[in-house]
Amino acid sequence: MTQLTFYGGINEIGGNKILLEDGSQRFLLDFGFPYKRHKLFYEEYLKPRSGAGLLDPLAMGLLPPLEGIYREDLETANLWSAFRSNPSYRKLEHVDGILLSHAHLDHSGHISFLKDSIPVYSTAATAFVAKAIQDSGKSDFDQQVCYFNPVSFDCPTGWKQEAFLSSNVPKQQRQFCIADVAPSDLSANAVQFWSSGFWEKTPRQRELASCALLGHTGCVLNLRCFPVDHSIPGACAWGIETSSGWIVYSGDLRLHGKRAESTRRFMDEAAALKPRALILEGTNVRRVSNVAEHEVHENALRAIADSHGLVIADFPARDVDRLLTFLQIARDTGRKLAILPKDAYLLKTMRLLEQTVPDIAHNGNIVIYQDTIASKSPNLWMRNLFQEYNNKIVLASDVRTSQDQFILCFSFFDLNELPSIRPNPGSLYLFSSSEPHDEEQEIDFRRLHNWLKVFELTPFGLPVERDGEWQIPDEERGLHASGHACGTDLINVARAVKPEILIPVHSEYPNFYIENFLASGTTVFLPNVGEAIQI
Ligand SMILES: [Zn+2]
């Protein structure tokens with residue numbers, strides 16, 4: 001009998017944490033950062049205490065009370081005595097692996113708390129993107145996915161010292177097993193990228209392993225990894241053959257991006273397994289149609305071709321497809337795409353796996369924007385990047401003096417550079433991202449509008465608040481292709497895969513599936529958080 005327990009991703013978008021158990025086998029399907037619940041308690045100046053290790057996230061219900069799966073160095077004295085009476089408490093002897101669908105932190109972030117003896121199964125692109133994000137990011141202690149700072153201090157109080165973010169402590173790399181490429185087929189540069197970091201040599205460094213479990217039977221379950229299209233490279237769905245039949249987990253997916261074909265292939269191949277259950281995302285169930293990536297290209301090109309000054313393009317981080325869409329527009333309009341160092345680092349990383357990704361050094365349309373203040377004390381990764389591409393760097397003064405030559409890839413969090421750039425009034429701020437989803441984001445959108453007013457930038461595609469609703473002006477729509485399929489497409493996915501049981505996840509409106517699959521031969525099951533269901 002197979003058992004599924006959902007510890008996150010129920011009635012919320014993100015935070016997926018699903019435990020699959022079959023006999024003695026046990027896998028986690030994603031172990032994401034629960035942004036929605038996190039925001040109920042925390043904000044920028046009130047965060048879980050890194051020195052309290054597991055205590056704060058367990059006490060606030062951000063982590064499930066599963067003794068035995070977490071890093072022992074994060075256990076404070078008598079930690080578990082406080083949680084043994086929790087109805088969801090369990091002691092687990094082992095977990096065989098984490099099947100990671102993609103590198104968005106709402107799916108991967110809380111891997112940081114798991115024992116490093118639990119291997120992470122993913123595509124090569126997901127492993128590399130996760131490391132690029134961590135190498136070039138701030139990496140709070142609760143989002144250290146690929147490596148972390150082990151805590152090994154004796155403290156008389158039983159509390160661990162705060163050493164999580166110190167770069168002096170050698171880091172522990174996590175074991176990743178890649179499902180779609182044999183590690184021996186990776187280039188020397190790719191292997192070098194994976195093994196570079198702040199760890200001492202063995203045992204803290206862990207080479208990429210192959211996903212040897214795939215296709216094998218006997219000691220472990222059969223696993224299948226299906227590439228799918230999503231707004232980050234490397235996304236996949238998983239299939240797990242259990243004693244109850246195949247269980248398929250979609251991760252996040254769409255049918256309207258540049259790699260829609262891979263999602264279609266997933267639908268066919270998953271259907272061929274005649275699955276017992278499909279765990280399917282439902283982020284955009286209420287939408288009836290999508291904007292496709294090629295429409296974003298057409299609409300953004302029209303707006304930028306009409307613009308005679310500086311263009312700022314605001315699009316989601318890690319969306320390499322969107323970056324390439326704007327690179328094409330830069331080519332089409334004779335401009336240079338000025339990307340931030342972290343985007344350059346990601347692009348360089350992706351090229352280690354895919355030769356079709358543009359080479360920054362030899363692409364005449366890409367330059368790297370060097371931040372005016374922060375880059376005066378760059379981190380190691382940034383210093384290396386600036387050295388490698390030293391003839392590709394542009395400064396605020398370069399942009400200021402040739403404003404009509406650039407498309408600048410900025411988001412809200414980069415607006416601090418505007419006083420240094422001094423864009424000419426009437427410059428274009430093209431918004432190619434999603435509208436605000438919560439109060440905090442609404443406040444940021446109001447701030448963004450204030451910035452645009454001060455610098456007299458012309459917004460295009462930017463949601464405007466009217467009567468408490470945020471809406472993009474009708475004539476400026478079509479500048480963002482969501483990473484998630486609309487409701488109509490999701491119904492088609494479920495109909496094509498044809499599971500006996502459908503379990504919605506990653507959705508605020510899971511009832512959508514009940515309404516659409518009544519009397520269909522597929523039973524829709526809505527689990528509660530922490531409640532085990534037998535499949
Ligand atoms: Zn995602």
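Select Phe128, Phe176, Phe193, Trp194, Tyr345 and Trp381: ring pairs link them into a cluster. Rings of Phe, Tyr and Trp (its six-membered ring) pair if their centres lie within 6.5 Å; planes under 30 degrees apart count as stacked, over 60 as edge-to-face and the rest as tilted. The model is predicted, so local features need pLDDT of at least 70 and side-chain atom pairs pLDDT 80 or more, while totals for chains, interfaces and linings use all residues. Residues are numbered from 1 along each chain as its sequence is written, and side-chain values use heavy atoms, leaving out hydrogens and water.

Next, select helix H9, residues 341–351. Helices (H or I, at least four residues) and strands (E, at least two) are DSSP runs, numbered from the N terminus. Eight of the eleven residues of H9 are buried, so the rest of the structure largely encloses this helix. Buried means under 20% relative accessible area, exposed over 50%, partly exposed in between (1.4 Å probe, protein chains only). Tyr345 is one of the buried residues of H9.

Now show Trp451 and Phe455, a stacked pair with 6.2 Å centre to centre and 10 degrees between the planes. Trp451 is partly exposed at 25% relative accessibility, whereas Phe455 is buried at 17%.

Finish at Arg286, whose charged end sits over the ring of Tyr509, 3.6 Å from its centre.

How values were computed. Lys NZ or Arg CZ within 6 Å of the ring centre and 35° of its normal.
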